[in-house]
Amino acid sequence: MNLKNRLRIQSNHFRANYKEPDIAKTLSNQIFPWFPLKANNYIAIFIGTDRSTGDALGPLAGTYFEEMRPRNLHVYGTVHNPVHAVNLQESLHSIYKEHDKPYLIAIDACLGKSSSIGSIIAENKPLKPGLALNKQLPQVGNMNITGVVNVSGFMEHTVLQNTRLSLVMDMALEIAGILKQIDNQLTRSVLTHTAEKTM
């Protein structure tokens, strides 16, 4: 059985374990049709803090992705310059001020069932950050990618702080890989569109 058959697929929701072979290619192919090809500014906003291992998923993924030198996606939120609960509103204000009609992809860690740990979830809807910690934060993005890093239901703040860093790093690298595949597809689409206009 291949990965496509193992993906739990709905039209606006995809989920797969980060250890699945070819997850970056397969998941990016499922997500890419959500992207409006006429958008001028694609933004990847990675939410979280390096002060907590579980919550470092976003900043780590942002750092890995930035190192891949994306051509079409602007990066906000890295280990050195994180976007977190305290500066989220300010960061969103800066994004909308600097970019005309941006299309936002929000990336964050989340908690879930023990059987879901290691799952990478993509949804074609805004992210609601801070739910696990009962924080009232603004919705973020046009779509979101989250990684289930630990179990929810009890002492979530402590659970996030005691999440294994090795798991978070591996998941962050896979998320960066998914976004790199999408960035490559955007490059090909832009080149194709440009070539069609000149014909």
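Here are some questions and answers about this predicted model.

User: What share of the residues of the protein counts as buried?
Analyst: The cut-off for buried is under 20% relative accessible area. The protein has 199 residues, and the share of them that counts as buried is 51%.

User: Among contacts between residues at least 6 apart in sequence, what share joins residues at least 24 apart?
Analyst: A contact here means heavy atoms within 4.5 Å. Taking those contacts in the protein between residues at least 6 apart, the share that joins residues at least 24 apart is 69%.

User: Is strand 5 mostly covered or mostly open, and how many of its residues are buried?
Analyst: Strand 5 spans residues 103-112 and is mostly covered. Out of its 10 residues, the number buried is 9.

User: Which residue in strand 5 is the bridge partner of Y42?
Analyst: Strand 3, residues 42-46, pairs with strand 5 in the parallel sense, over 5 bridges. Within strand 5, the partner of Y42 is Y103.

User: The structure holds 6 aromatic pairs; is the one between F35 and Y42 stacked, edge-to-face or tilted?
Analyst: Ring planes under 30 degrees apart count as stacked and over 60 as edge-to-face, with the rest tilted. The planes of F35 and Y42 are 40° apart, and the centres sit 5.9 Å from each other. That angle falls between the two cut-offs, so the pair is tilted.

User: Are F35 and Y42 buried or exposed?
Analyst: F35 has 4% relative accessibility, and Y42 has a relative accessible area of 5%. Buried means under 20%, so F35 is buried and Y42 is likewise buried.

User: How many residues apart are F46 and F65?
Analyst: F46 and F65 form a tilted aromatic pair, 6.2 Å centre to centre with 50° between the planes. The pair links distant parts of the chain: F46 is in strand 3 and F65 in helix 3 (residues 57-67), with a separation of 19 residues.

User: Which residues form one aromatic cluster?
Analyst: Two of the members have already come up as a tilted pair, F35 and Y42. The whole cluster is F32, F35, Y42 and Y103.

Terms used:
Residues are numbered from 1 along each chain as its sequence is written. This is a predicted model: local features need pLDDT of at least 70, side-chain atom pairs count only at pLDDT 80 or more; totals for chains, interfaces and linings use all residues. Side-chain values use heavy atoms; hydrogens and water are left out. Buried means under 20% relative accessible area, exposed over 50%, partly exposed in between (1.4 Å probe, protein chains only). Helices (H or I, at least four residues) and strands (E, at least two) are DSSP runs, numbered from the N terminus. Two strands pair if DSSP finds at least two bridges between them. Rings of Phe, Tyr and Trp (its six-membered ring) pair if their centres lie within 6.5 Å; planes under 30 degrees apart count as stacked, over 60 as edge-to-face and the rest as tilted.
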